[in-house]
Amino acid sequence: MHPAGSLIIFTVLSGLGFGLLAFLGAGIVRPVGWDAFAWFAAGYALAGGGLLASVFHLGHPERALLAFTQWRTSWLSREAVLAAAALGVMAPHAAGSVFFAQPLPVFGAIAALLCLATVIATSMIYATIRAVPRWHHWTTPAVFLAAALAGGALLAGQLRLAGALFAVLAVALALHWQAGDWRWRDAESTPGSATGLGRIGRVRLFERPHTGANYITREMVHVVGRRHSAKLRLIALLGGAILPATLLALMPPSLLAAGAALALHLAGMLAARWLFFAEAEHVVGLYYGRSSA
Amino acid sequence: MTDLPTSAGRKLGLVIDLDICVGCHACVTSCKEWNSQGYGAPLADVDAYGAAPEGAFLNRVHSFEVTPENAPPQLVHFPRSCLHCEDAPCVTVCPTGASHKRAEDGIVLVEESMCIGCGLCAWACPYGAREMDPAEQVMKKCTLCVDRIYNENLPPEDREPSCVRACPTGARHFGDLGDPSSAVSQLVAAREGFDLMPEQGTKPVNKYLPPREKDRATAAPALEPVGGAGGFLGWLDRALSRL
């Protein structure tokens, strides 16, 4: 799949923002006054900024409000509804903490759950696409949720907890890659099933319908330097999870340790999310000369 | 709404005969022509006369080489377009309700004025049937020529999809696949028509008819030496070998 910059930034930043807001809402940290302002502002900026980045992905951003209507069937619509609800329900809790030194735990708790539900909804957009075998697996929501929780814990200053959650994220990433490799290798869809000609014999693309590119080939038959995939996985795993976990375990809790862990985590997660799209094979590639494995 | 309708019984769709298709692309060009006028935004091209022309099409013809066991490879031309699936994943993922499947005839359509151009439906389709219009930034797909098949301003023989009307070999058929007595349903039954990627669980309405089995020569394969023959040929072989 085409690794669109807006989608990579959106999923990484909004995951981080909703993770932070979940910790703030659940009352694991209870800042008030200017501290609260800084934390809630960071949460809203990351989550809201991510949402804004996703709007740039649209062909018609001016119709974006329609995306709130189809929550009964569409995970993309559910994500929009849940994100708006999370940010909305969090507002009284945030305002109470900042302006009146009075957190509102009921609003906070409900909003924290909505934040996590938003992250799950984001991941389900991908996990429910059967035509992309690598995504169609429970490890997709596991990675998104683990990343949001680990990054959120780090931003909320829960360094011990963050270290443990980074270890969980490392396992989730490794499982996602391994499961993805197996899913593509064992995929039921083949050139034979895509054309129905497998019943006659071995099927191979002889000629494409056209010599140039088209929307499908650019968006879904995107061929990237897969030869770098192993290196990038290592970078993502080390930067995104293992190094931050080690750093937090070995260094005494400090702003420096947290800052270094955050920088590593962000860089690693951007690599991981780039791979998430770039490595994902769509079955439509079978019509364009991709063999099944 | 992006809920899938419970089928009313009518399932309009195409039956494509892979035995007959000669890969002329007439269906592709007639589709492009018809859908560049009338229904929805015209199917656009980018850099049409330049170095890297590209555009949106609702129908594409691929060519595949199929090699049976113990027989030479054969070439199969393979038109690919929307299959108007009963369990259309492109419809349920749409966040705005632009993508929908009509209850009355099962045609899957995009209401372009509601499309935000997010592209998720194109990702959800295993068959690559949807393409973003490069000029309008809305999703385009086969409409089964909904603006022809019910159009009383056209003579009755033209009230079928443009690709079917254009096909010079009669490889494309249009009809109600929900009615077991319809001509298309009977054709599918007689020729063992099949679904594309049934494992994706989309329940396509359109069916494909397999190429008929080719004759296989039973005599000695061509290009084999005539060695070991007796009579005149044997004498000639021996005489020439001695030279």
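Which side chain of chain A does B:Glu54 meet in a salt bridge? The partner is A:Arg218, with 2.2 Å from N to O; a salt bridge here is a side-chain nitrogen of Lys or Arg within 4 Å of a carboxyl oxygen of Asp or Glu. Here is a short tour of the interface around that pair.

This is a predicted model, in which local features need pLDDT of at least 70 and side-chain atom pairs count only at pLDDT 80 or more, while totals for chains, interfaces and linings use all residues. Residues are numbered from 1 along each chain as its sequence is written, chains are lettered from A in the order in which they are written, and side-chain values use heavy atoms, with hydrogens and water left out.

**Extent of the interface**
- Chain A brings 57 residues to the contact and chain B brings 56 residues, where contact means heavy atoms within 4.5 Å.
- About 4,800 Å² is buried between chain A and chain B, with 59% of it on carbon and sulfur atoms; buried area is the accessible area (1.4 Å probe) that two parts lose on being put together, summed over both.

**Salt bridges across the interface**
- Three salt bridges are counted between chain A and chain B.

**Strand pairing**
- Strand E1 (202–207) of chain A is among the elements that give two or more residues to the side touching chain B; strands are DSSP runs of at least two residues (E), numbered from the N terminus.
- E1(A) gives the largest share of that side, six residues.
- E1(A) pairs with strand E4 (residues 59–67) of chain B in the antiparallel sense over five bridges, and pairing requires at least two DSSP bridges.
- A:Arg204 stands opposite B:Glu65 in E4(B).

Technical notes. Helices (H or I, at least four residues) and strands (E, at least two) are DSSP runs, numbered from the N terminus.
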